[in-house]
Amino acid sequence: MKVSVLLPAAGSGERIGRGPKAFLRVGGKTLLDWALEGFAWADELVVALPPGFHKDGLKSVPGGQTRQQSVYNLLQAATGEVVLVHDVARPFVVRAAVERLMEAVLAVGAATLAVPVPDTLVREEDQQYGEVISREHYRLVQTPQGFRRAILWQAHQQARSEGVEFTDDAQLVQWLGHPVALVEGDRRMFKVTYPEDLALAEGLAQVWNY
Ligand code: CTP
Ligand code: MG
(Lines give C-alpha, C1' and ligand atoms only; values in the text may rest on other atoms or scores of the structure.)
(Ligands and ions follow the chains in the order given, each with its own letter.)
Protein backbone atom coordinates (compact mmCIF):
# COMPACT_ATOMS: atom_id res chain seq x y z
CA MET A 1 0.00 0.00 0.00
CA LYS A 2 1.29 3.41 -0.98
CA VAL A 3 2.15 5.65 1.99
CA SER A 4 2.49 9.43 1.61
CA VAL A 5 4.24 11.36 4.34
CA LEU A 6 3.03 14.95 4.60
CA LEU A 7 5.24 17.43 6.40
CA PRO A 8 3.70 20.74 7.48
CA ALA A 9 6.78 22.97 7.66
CA ALA A 10 5.29 26.36 6.90
CA GLY A 11 5.04 27.81 10.41
CA SER A 12 6.84 31.01 11.29
CA GLY A 13 8.38 29.81 14.57
CA GLU A 14 7.22 32.79 16.59
CA ARG A 15 7.80 31.30 20.02
CA ILE A 16 11.46 30.66 19.21
CA GLY A 17 11.79 33.90 17.29
CA ARG A 18 14.49 32.84 14.85
CA GLY A 19 12.48 32.51 11.66
CA PRO A 20 10.75 29.42 10.22
CA LYS A 21 11.72 26.41 12.34
CA ALA A 22 12.09 24.17 9.29
CA PHE A 23 15.40 25.88 8.54
CA LEU A 24 16.84 25.97 12.07
CA ARG A 25 19.86 23.72 12.49
CA VAL A 26 20.54 21.10 15.12
CA GLY A 27 23.49 18.73 14.92
CA GLY A 28 24.52 20.42 11.66
CA LYS A 29 21.23 19.68 9.83
CA THR A 30 18.01 21.61 9.41
CA LEU A 31 14.89 20.36 11.17
CA LEU A 32 13.45 19.76 7.71
CA ASP A 33 16.38 17.51 6.76
CA TRP A 34 16.02 15.58 10.01
CA ALA A 35 12.36 14.87 9.30
CA LEU A 36 13.05 13.99 5.66
CA GLU A 37 15.71 11.47 6.73
CA GLY A 38 13.38 9.98 9.33
CA PHE A 39 10.86 9.21 6.59
CA ALA A 40 13.25 8.33 3.79
CA TRP A 41 11.42 4.98 3.43
CA ALA A 42 8.12 6.64 2.42
CA ASP A 43 6.67 6.08 -1.06
CA GLU A 44 6.00 9.81 -1.35
CA LEU A 45 7.12 12.84 0.67
CA VAL A 46 5.44 16.23 0.34
CA VAL A 47 6.40 19.32 2.31
CA ALA A 48 4.42 22.54 2.93
CA LEU A 49 6.95 25.36 2.93
CA PRO A 50 6.54 28.99 3.96
CA PRO A 51 5.42 31.00 0.92
CA GLY A 52 8.46 32.03 -1.12
CA PHE A 53 10.66 29.16 0.11
CA HIS A 54 11.79 26.35 -2.13
CA LYS A 55 14.00 23.28 -1.76
CA ASP A 56 15.51 21.52 -4.77
CA GLY A 57 14.54 17.92 -5.43
CA LEU A 58 11.60 18.04 -3.07
CA LYS A 59 7.88 17.88 -3.82
CA SER A 60 6.44 20.90 -2.06
CA VAL A 61 3.29 22.98 -1.78
CA PRO A 62 2.88 26.49 -0.39
CA GLY A 63 1.87 26.57 3.27
CA GLY A 64 -1.34 28.23 4.45
CA GLN A 65 -2.12 30.75 7.18
CA THR A 66 -2.69 27.96 9.71
CA ARG A 67 -1.39 24.44 10.20
CA GLN A 68 -4.76 23.08 9.10
CA GLN A 69 -4.59 25.03 5.84
CA SER A 70 -1.05 23.80 5.23
CA VAL A 71 -2.20 20.20 5.70
CA TYR A 72 -5.12 20.83 3.35
CA ASN A 73 -2.68 21.98 0.65
CA LEU A 74 -0.54 18.90 1.30
CA LEU A 75 -3.52 16.59 1.00
CA GLN A 76 -4.36 17.99 -2.41
CA ALA A 77 -0.92 16.90 -3.60
CA ALA A 78 -0.85 13.51 -1.86
CA THR A 79 -1.48 10.35 -3.85
CA GLY A 80 -1.00 7.60 -1.23
CA GLU A 81 -3.85 5.48 0.07
CA VAL A 82 -2.50 6.12 3.58
CA VAL A 83 -1.14 9.49 4.70
CA LEU A 84 1.08 10.18 7.69
CA VAL A 85 1.09 13.82 8.79
CA HIS A 86 4.21 14.83 10.73
CA ASP A 87 5.32 18.17 12.18
CA VAL A 88 8.71 19.19 10.89
CA ALA A 89 9.15 20.73 14.34
CA ARG A 90 9.63 17.12 15.61
CA PRO A 91 13.02 16.26 14.12
CA PHE A 92 13.58 12.88 15.80
CA VAL A 93 11.51 10.16 14.18
CA VAL A 94 11.47 6.92 16.17
CA ARG A 95 11.00 4.10 13.69
CA ALA A 96 9.45 1.65 16.17
CA ALA A 97 6.79 4.20 17.13
CA VAL A 98 5.95 4.84 13.48
CA GLU A 99 5.58 1.10 12.94
CA ARG A 100 3.17 0.87 15.89
CA LEU A 101 1.22 3.75 14.40
CA MET A 102 1.02 2.13 10.95
CA GLU A 103 -0.47 -1.03 12.43
CA ALA A 104 -3.24 0.98 14.10
CA VAL A 105 -3.91 3.00 10.95
CA LEU A 106 -4.42 -0.18 8.97
CA ALA A 107 -6.75 -1.58 11.65
CA VAL A 108 -8.77 1.55 12.56
CA GLY A 109 -8.30 3.98 9.66
CA ALA A 110 -7.03 6.79 11.90
CA ALA A 111 -4.44 6.87 14.67
CA THR A 112 -2.06 9.18 16.47
CA LEU A 113 0.96 8.80 18.69
CA ALA A 114 0.55 10.08 22.23
CA VAL A 115 2.52 9.90 25.49
CA PRO A 116 1.52 9.91 29.16
CA VAL A 117 1.74 13.13 31.18
CA PRO A 118 4.86 12.78 33.34
CA ASP A 119 4.25 15.65 35.76
CA THR A 120 1.41 16.52 38.11
CA LEU A 121 -1.30 18.31 36.14
CA VAL A 122 -3.02 21.24 37.82
CA ARG A 123 -5.46 23.99 36.86
CA GLU A 124 -4.08 27.45 37.26
CA GLU A 125 -6.67 29.49 39.15
CA ASP A 126 -5.74 33.16 39.64
CA GLN A 127 -2.05 32.21 39.54
CA GLN A 128 -2.65 29.78 42.38
CA TYR A 129 -2.43 26.01 42.59
CA GLY A 130 -5.97 24.93 41.71
CA GLU A 131 -7.67 21.65 41.01
CA VAL A 132 -5.37 18.71 40.34
CA ILE A 133 -6.40 16.68 37.31
CA SER A 134 -5.75 12.93 37.36
CA ARG A 135 -2.98 12.77 34.84
CA GLU A 136 -3.44 9.06 34.18
CA HIS A 137 -6.56 9.92 32.17
CA TYR A 138 -4.66 12.32 29.91
CA ARG A 139 -2.19 12.02 27.05
CA LEU A 140 0.02 14.49 25.23
CA VAL A 141 -0.62 14.16 21.51
CA GLN A 142 2.32 13.84 19.12
CA THR A 143 2.81 13.30 15.43
CA PRO A 144 2.97 11.46 13.12
CA GLN A 145 -0.75 10.92 12.85
CA GLY A 146 -1.91 8.46 10.23
CA PHE A 147 -5.13 8.15 8.25
CA ARG A 148 -6.68 6.52 5.27
CA ARG A 149 -6.40 9.47 2.93
CA ALA A 150 -10.12 9.45 2.06
CA ILE A 151 -11.09 9.89 5.73
CA LEU A 152 -8.74 12.80 6.33
CA TRP A 153 -9.75 14.44 3.07
CA GLN A 154 -13.43 14.24 4.00
CA ALA A 155 -12.69 15.74 7.44
CA HIS A 156 -10.76 18.64 5.91
CA GLN A 157 -13.46 19.34 3.32
CA GLN A 158 -16.14 19.36 6.00
CA ALA A 159 -14.08 21.60 8.31
CA ARG A 160 -13.51 24.09 5.51
CA SER A 161 -17.16 24.26 4.62
CA GLU A 162 -18.10 24.82 8.28
CA GLY A 163 -15.20 27.18 8.97
CA VAL A 164 -13.72 25.25 11.92
CA GLU A 165 -10.00 25.12 12.74
CA PHE A 166 -8.21 22.55 14.83
CA THR A 167 -4.61 22.23 15.98
CA ASP A 168 -4.13 18.68 14.72
CA ASP A 169 -5.61 16.23 12.25
CA ALA A 170 -6.74 13.64 14.78
CA GLN A 171 -9.12 16.24 16.20
CA LEU A 172 -10.56 16.89 12.74
CA VAL A 173 -11.22 13.23 12.10
CA GLN A 174 -12.72 12.76 15.56
CA TRP A 175 -14.97 15.78 14.93
CA LEU A 176 -16.15 14.02 11.77
CA GLY A 177 -17.27 11.16 14.03
CA HIS A 178 -14.56 8.68 13.16
CA PRO A 179 -12.63 6.86 15.92
CA VAL A 180 -8.95 7.69 16.28
CA ALA A 181 -6.68 5.13 17.94
CA LEU A 182 -4.15 6.31 20.53
CA VAL A 183 -0.81 4.62 20.05
CA GLU A 184 2.15 4.78 22.42
CA GLY A 185 4.50 7.51 21.20
CA ASP A 186 8.03 8.30 22.31
CA ARG A 187 9.27 11.29 24.31
CA ARG A 188 12.16 11.73 21.92
CA MET A 189 9.59 12.83 19.34
CA PHE A 190 9.03 16.07 21.28
CA LYS A 191 8.15 19.24 19.43
CA VAL A 192 10.80 21.94 19.26
CA THR A 193 8.62 24.82 20.41
CA TYR A 194 10.56 27.12 22.79
CA PRO A 195 14.17 28.36 22.58
CA GLU A 196 15.32 25.92 25.29
CA ASP A 197 14.05 22.98 23.21
CA LEU A 198 16.86 23.70 20.76
CA ALA A 199 19.42 22.78 23.44
CA LEU A 200 17.57 19.51 24.10
CA ALA A 201 17.47 18.77 20.37
CA GLU A 202 21.16 19.58 20.01
CA GLY A 203 21.97 17.10 22.78
CA LEU A 204 19.83 14.34 21.30
CA ALA A 205 21.28 14.97 17.83
CA GLN A 206 24.72 14.03 19.16
CA VAL A 207 23.63 10.50 20.05
CA TRP A 208 21.14 9.92 17.22
CA ASN A 209 21.65 7.69 14.26
CA TYR A 210 19.02 6.99 11.65
N1 CTP B 1 2.76 24.83 10.43
C2 CTP B 1 2.47 24.94 9.06
N3 CTP B 1 1.74 26.02 8.60
C4 CTP B 1 1.32 26.98 9.46
C5 CTP B 1 1.59 26.87 10.84
C6 CTP B 1 2.32 25.77 11.31
O7 CTP B 1 2.87 24.09 8.27
N8 CTP B 1 0.65 28.01 8.96
C9 CTP B 1 3.57 23.69 10.89
C10 CTP B 1 4.90 24.11 11.54
O11 CTP B 1 5.88 24.34 10.53
C12 CTP B 1 5.23 22.94 12.44
C13 CTP B 1 3.85 22.37 12.79
O14 CTP B 1 2.90 22.98 11.92
O15 CTP B 1 5.98 21.93 11.81
C16 CTP B 1 3.51 22.62 14.27
O17 CTP B 1 3.42 24.00 14.48
P18 CTP B 1 4.20 24.85 15.57
O19 CTP B 1 5.06 23.99 16.42
O20 CTP B 1 3.20 25.76 16.22
O21 CTP B 1 5.22 25.72 14.65
P22 CTP B 1 5.14 27.26 14.31
O23 CTP B 1 3.73 27.64 14.02
O24 CTP B 1 6.17 27.51 13.27
O25 CTP B 1 5.64 27.93 15.68
P26 CTP B 1 4.93 29.13 16.49
O27 CTP B 1 3.53 28.64 16.83
O28 CTP B 1 5.78 29.30 17.70
O29 CTP B 1 4.90 30.32 15.57
MG1 MG C 1 2.20 27.51 15.56
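## Lining of the largest pocket

Strand β10 gives the most to the lining of the largest pocket, with five residues. Strands like this one are DSSP runs of E with at least two residues, helices are runs of H or I with at least four, and both are numbered from the N terminus. In this predicted model, local features need pLDDT of at least 70, side-chain atom pairs count only at pLDDT 80 or more, and totals for chains, interfaces and linings use all residues. Residues are numbered from 1 along each chain as its sequence is written, chains are lettered from A and ligands numbered from 1 in the order in which they are written, and side-chain values use heavy atoms, with hydrogens and water left out.

A pocket is found on a 1 Å grid over the protein atoms alone: it is an open set of points where a 1.4 Å probe fits, with protein on both sides within 12 Å along at least five of seven lines, and its lining residues have an atom within 4 Å of a point. The largest pocket has 35 lining residues. R15, K21, R67, D87 and K191 lie nearest its centre. Both α2 (67–77) and β10 (139–148) supply at least two residues of this lining.

The volume of the largest pocket is about 1,100 Å³. A volume here is the space filled by probe spheres set on the grid points, which are joined across faces, edges and corners. By class, the lining holds 12 nonpolar, 13 polar and 10 charged residues. Ala, Val, Leu, Ile, Met, Phe, Trp, Tyr, Cys and Pro count as nonpolar, Asp, Glu, Lys and Arg as charged, and the others, Gly among them, as polar.

## Ligand 1

Ligand 1 sits in the largest pocket, meaning that more than half of its atoms lie within 2 Å of the pocket's grid points. Around the ligand are 18 residues (each with a heavy atom within 4 Å). G13, E14, K21, S70 and K191 come nearest. This shell has five nonpolar, seven polar and six charged residues.

Backbone atoms make polar contacts (pairs of N or O atoms within 3.5 Å) with ligand oxygens. For G11 the distance is 2.9 Å. For G13 it is 2.8 Å. For E14 it is 2.7 Å. Taken alone, ligand 1 exposes 570 Å² (Shrake-Rupley method, 1.4 Å probe). The protein buries 85% of that.

## Second largest pocket

The second largest pocket has a volume of about 210 Å³. Its lining consists of T112, R139, V141, D168, A170, Q171, Q174, V180 and L182. β10 and α5 (169–175) are the elements that give two or more residues. Helix α5 gives the most, with three. Four lining residues are nonpolar, three polar and two charged.

## Backbone exceptions

Most residues other than glycine have a negative phi, and most peptide bonds are trans. T143 and P144 are joined by a cis peptide bond, with omega about 5°. P144 is placed in strand β10.

D126 is not a glycine, yet has a positive phi of about 50°. D126 is in the loop between β8 (121–125) and β9 (128–133).

Terms used:
A polar contact is a pair of N or O atoms within 3.5 Å; within protein, one must be able to donate a hydrogen and the other to accept it, and residues adjacent in sequence count only if both atoms are side-chain atoms.
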